[in-house]
Amino acid sequence: PINRSRDTAAPFRCSAERNGLLYFIGSAVGGNELFRSDGSTAGTFAVTDIVTDSGSGQVSPCIAGTIGGVLALNDRILFVGALDSSTGFELLSSNGVDPPLLVADIKPGIEDSHPTELTRVGQRAIFVATTASQGRELWASDGSIAGTQLLMDIQPGATGSNPSSLVVAGDRVYFLATTLANGTELWLTDG
């Protein structure tokens, strides 16, 4: 059951629809989890218990100002979390039934790549993530390990361009990014 006793228990902080079911990050006893709902009380439950008693797994709440932390893509639900203590917050994938899978350990090891602004363009997710060598830049994924890569290294080096405010218009994503040479400007990509 969703813990409704805390102020952070807003179950619709971010959500996605897939096959008539609503998927969202909700606050459960012990921490945030990926939930699914058919609209009934009995049909609303955590997809899996990532936040175990050992506290090794975590699901990231949506971060204010992002497009969302849950995205329906192809036959999967993408969201942000850490499956265990060997990775930081990374892009995860669920079919809505089985335990989630790590899509890619973008920032290998226990540090977080903190994917944000999950945005769908066609059959790809466009999002912002951090690495040690590129900083915060634009990434793309089809939901698979092989299909997840850096999309644009706008500001080369560890500084990164810190893309933000992703907005879909037609088959393009518009966003703001910052370079040392030009400051903050409007950019676009078709993914």
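Predicted model: local features only at pLDDT ≥ 70, side-chain atom pairs only at ≥ 80, totals over all residues.
Me: Which residues is Val168 in contact with, leaving aside its neighbours within four places in sequence?

Reply: With those neighbours left aside, Val168 is in contact with Thr119, Arg120, Val121 and Val173, where contact requires heavy atoms within 4.5 Å. As for Thr189, its C-alpha atom is separated by 9.7 Å from that of Val168, and the two residues are 21 residues apart along the chain.

Me: What makes strand 14 and strand 16 the edge strands?

Reply: The open sheet is formed by 3 strands in the order 14-15-16, with antiparallel pairing, and strand 14 and strand 16 (183–189) are its edge strands, as each pairs on one side only. Neighbouring strands of this sheet are turned by 25° against each other on average, with direction ignored.

Me: How do you know that strand 15 and strand 16 pair?

Reply: Two strands count as paired if at least two bridges are found between them, and strand 15 (residues 172–179) is joined to strand 16 over 7 bridges in the antiparallel sense. In this pairing, Tyr174 stands opposite Leu188 of strand 16.

Me: What joins strand 12 to strand 13?

Reply: Strand 12 (residues 135–141) and strand 13 (residues 148–152) run antiparallel and are joined by 4 bridges, which can be set against the requirement of at least two. Leu138 has Met152 in strand 13 as its bridge partner, and in the hairpin of these strands, with 6 residues between them, Gly143 takes a positive phi near 95°.

Me: Why is Ser94 called buried?

Reply: The relative accessible area of Ser94 is 1%, and because buried means under 20%, Ser94 is placed in the buried class. Ser94 is found in strand 8, which covers residues 90–94, and, apart from its neighbours within four places in sequence, Ser94 is in contact with Leu34, Val47, Arg76, Ile77, Phe79 and Pro100.

Me: How far does the backbone nitrogen of Gly96 lie from a polar atom of the side chain of Ser94?

Reply: The backbone nitrogen of Gly96 and a polar atom of the Ser94 side chain lie 2.9 Å apart, a value to be set against the cut-off of 3.5 Å for a polar contact.

Me: Why is the pair of Phe24 and Phe35 called stacked?

Reply: A pair of aromatic rings is described by the distance of the centres and the angle of the planes. By the rule for such pairs the count comes to 1 aromatic pair, and because the ring centres of Phe24 and Phe35 are 5.5 Å apart with their planes at 10°, whereas the limits are 6.5 Å for pairing and 30 degrees for stacking, the pair is stacked. Phe24 lies in strand 2 (residues 21–28) and Phe35 in strand 3 (residues 31–37), so the pair ties together parts that are 11 residues apart in sequence, and both Phe24 and Phe35 are buried.

Me: How many helices and strands does the protein have, and what percentage of its residues is buried?

Reply: The protein has 0 helices and 16 strands, and buried residues make up 48% of its 191 residues. The protein exposes about 9,000 Å², of which carbon and sulfur atoms supply 54%.

Methods
Residues numbered from 1 in each chain as written. Heavy atoms only, no water. Helix = DSSP H or I, 4+ residues; strand = E, 2+ residues; numbered from the N terminus. Buried < 20%, exposed > 50% of the residue type's maximum accessible area, 1.4 Å probe, protein only. Polar contact = N/O pair within 3.5 Å; in protein donor to acceptor, adjacent residues only side chain to side chain. Phe/Tyr/Trp six-rings, centres within 6.5 Å; stacked < 30°, edge-to-face > 60°. Areas by Shrake-Rupley, 256 points an atom, 1.4 Å probe, with all protein chains shown as cover. Axes fitted to C-alpha atoms, helices over the stretch in contact; angles between N-to-C directions.
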